[in-house]
Amino acid sequence: MTRMWCVPVEILCEQHLAGEHAEHHQLEGTILRHPHGEAIAEGHAEKGNIDTTRLEERHDDLAAEMERRGMNHDSPLDYDGPTFGAGAIDVERNREDLLERCDDCAARARERPTEA
């Protein structure tokens, strides 16, 4: 499932940080190149998993955090495709789901009292 967590990038473990970053590029490719890409993305937006209006900004936040951690990043994203699903992401629900799924993200969140 394509998903934009949209939680503070600092609490993402490296696997989730790199994973969300990769999904931004996959999503862009799906929307712009797949014959049914817009319909696929609209379905994800309706479920609250993505928000294309935030795609480029969120990608840049993820890339900056990757670089801050010394991870490689050499794939800029310049999204100029259709936007839909604005504001559809429930960040608090995503945060709760992520922290239940991933012990490493939960530990990082505990290290940041304002985000725990």
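Let's start with arginine 58, which lies in helix H3. Helices here are DSSP runs of H or I, at least four residues long, while strands are E runs of at least two, and both are numbered from the N terminus. Arginine 58 is buried, with a relative accessible area of 7%. By buried I mean under 20% relative accessible area, by exposed over 50%, and by partly exposed anything in between, using a 1.4 Å probe and protein chains only. Not counting residues up to four places away in sequence, arginine 58 touches Met4, Trp5, Cys6, Val7, Val9, Leu12, Glu20 and His24. Contact, by the way, means heavy atoms within 4.5 Å.

A quick word on what you are looking at. This is a predicted model, where local features need pLDDT of at least 70 and side-chain atom pairs count only at pLDDT 80 or more, although totals for chains, interfaces and linings use all residues. Residues are numbered from 1 along each chain as its sequence is written, and side-chain values use heavy atoms, with hydrogens and water left out.

Staying in helix H3, let's look at glutamate 65. Is glutamate 65 buried or exposed? Glutamate 65 is buried, at a relative accessible area of 4%. Its side chain makes a polar contact of 2.9 Å with the side chain of arginine 69. For a polar contact we need a pair of N or O atoms within 3.5 Å; within protein, one must be able to donate a hydrogen and the other to accept it, and residues adjacent in sequence count only if both atoms are side-chain atoms. Setting aside neighbours within four places in sequence, glutamate 65 is also in contact with Val9, Glu10, Leu17 and Arg108.

That brings us to glutamate 10, in the segment before H1. Glutamate 10 is partly exposed, with a relative accessible area of 27%. Leaving out neighbours within four places in sequence, its contacts are Glu65, Arg69, Arg108 and Arg112. Glutamate 10 and leucine 62 are 52 residues apart in sequence, yet 9.1 Å apart in space, C-alpha to C-alpha.

Now helix H1 itself, residues 14-33. The expected span of a helix is 1.5 Å times one less than its number of residues. For the 20 residues of H1 that should give 28 Å, and the end C-alpha atoms are 28 Å apart, so the two agree. Which residues of H1 are buried? They are His16, Leu17, Glu20, His21, His24, Leu27, Glu28, Gly29 and Ile31. Here is a handy reminder: an α-helix has 3.6 residues a turn, so residues three or four places apart point the same way. The cover over the buried residues of H1 includes helix H2 (37-46), H3, H4 and helix H5 (103-111).

How do H1 and H3 meet? They pack at an angle of about 145°, with their axes 10 Å apart. Axes are lines fitted to C-alpha atoms, for helices over the stretch in contact, and angles run from 0 to 180 degrees between N-to-C directions. On the H1 side we have Leu17, Glu20, His21, His24, His25 and Leu27, and these meet Leu55, Arg58, His59, Leu62, Glu65 and Met66 in H3.

Next, the cysteines. How many disulfides are there? The count comes to zero, where a disulfide is a pair of cysteine sulfur atoms within 2.5 Å. For cysteine 13, the closest cysteine sulfur is 3.7 Å away, in cysteine 105, and that is too far for a bond. Cysteine 13 is buried, with a relative accessible area of 6%. Cysteine 6 sits in the segment before H1 and is buried too, at 7% relative accessibility. The closest cysteine sulfur to that of cysteine 6 is 14 Å away, again in cysteine 105, so a bond is out of reach. Cysteine 6 also has a phi near 60°, a positive value in a residue other than glycine.

Last stop: alanine 88, in the loop between helix H3 (55-68) and helix H4 (91-101). Alanine 88 is partly exposed, with a relative accessible area of 30%. Not counting residues up to four places away in sequence, alanine 88 touches Ala45, Gly48, Ile50 and Asp51. Alanine 88 and threonine 52 are 36 residues apart in sequence and 9.7 Å apart in space, C-alpha to C-alpha.
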